Amino acid sequence: QLAKIHVCIRKLAVEMGYSFEEMKFTIKREAGLVYDMQEGRQVVKSLADCSKEELGAVIQAIDQAGEIVNISFG
């Protein structure tokens with residue numbers, strides 16, 4: 001499932017003009033996997049450490065981003 005997620009993120013990045021890492025961070029932020037800590041630091045959860053529910057949120061964020069640029073990942 002992670003491989004499919006990475007393929008989708010890469011496709012979005014190309015279509016939207018972002019690097020893969022920028023797009024992955026954006027998707028993680030939209031999925032609630034970026035946590036603001038004290039002193040302005042952010043903690044970003046690895047996709048490999050995500051629960052099924054969290055991965056579901058990632059897939060939903062990918063689908064929403066895809067709608068913006070008319071890409072269907074369904």
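What covers the buried residues of α1? Before I answer, a word on what we are looking at: this is a predicted model, in which local features need pLDDT of at least 70 and side-chain atom pairs count only at pLDDT 80 or more, while totals for chains, interfaces and linings use all residues. Residues are numbered from 1 along each chain as its sequence is written, and side-chain values use heavy atoms, with hydrogens and water left out.

Now to the opening question: the cover over the buried residues of α1 includes α2 and α3. Helices here are DSSP runs of H or I with at least four residues, strands are runs of E with at least two, and both are numbered from the N terminus. Buried means under 20% relative accessible area, exposed means over 50%, and partly exposed lies in between, with a 1.4 Å probe and protein chains only.

Let me stay with α1. The residues of this helix that are buried are I5, C8, I9, L12 and A13. Seen down the axis of α1, they fall within an arc of 140°, so they line one face of the helix; the arc is that of the directions from the helix axis to the C-beta atoms. On the other side of α1, we find A3, K4, V7 and V14 exposed. After α1 comes G17, which has a positive phi, near 80°.

With 17 residues at 1.5 Å a residue, α3 should span 24 Å, and its end C-alpha atoms are 25 Å apart, which agrees; the expected span is 1.5 Å times one less than the number of residues. Buried in α3 are E54, L55, V58, A61, I62, A65 and G66. Viewed down the axis of α3, these residues fall within an arc of 140°, so they line one face of the helix, whereas K52, E53 and E67 are exposed on the other side. Their cover includes α1, α2 and β1 (34–36).

If we leave aside neighbours within four places in sequence, I27 is in contact with I9, L12, V58, A61, I62 and A65, where contact means heavy atoms within 4.5 Å.

K24, in helix α2, deserves a separate mention. At 16% relative accessibility, K24 counts as buried, and, apart from neighbours within four places in sequence, it is in contact with H6, I9 and L47.

E39 is in the loop between β1 and β2 (42–44) and is exposed, with a relative accessible area of 76%. N70 lies in the segment after α3 and, at 72% relative accessibility, counts as exposed. The C-alpha atoms of N70 and E15 are separated by 9.8 Å, although the two residues are 55 residues apart along the chain.
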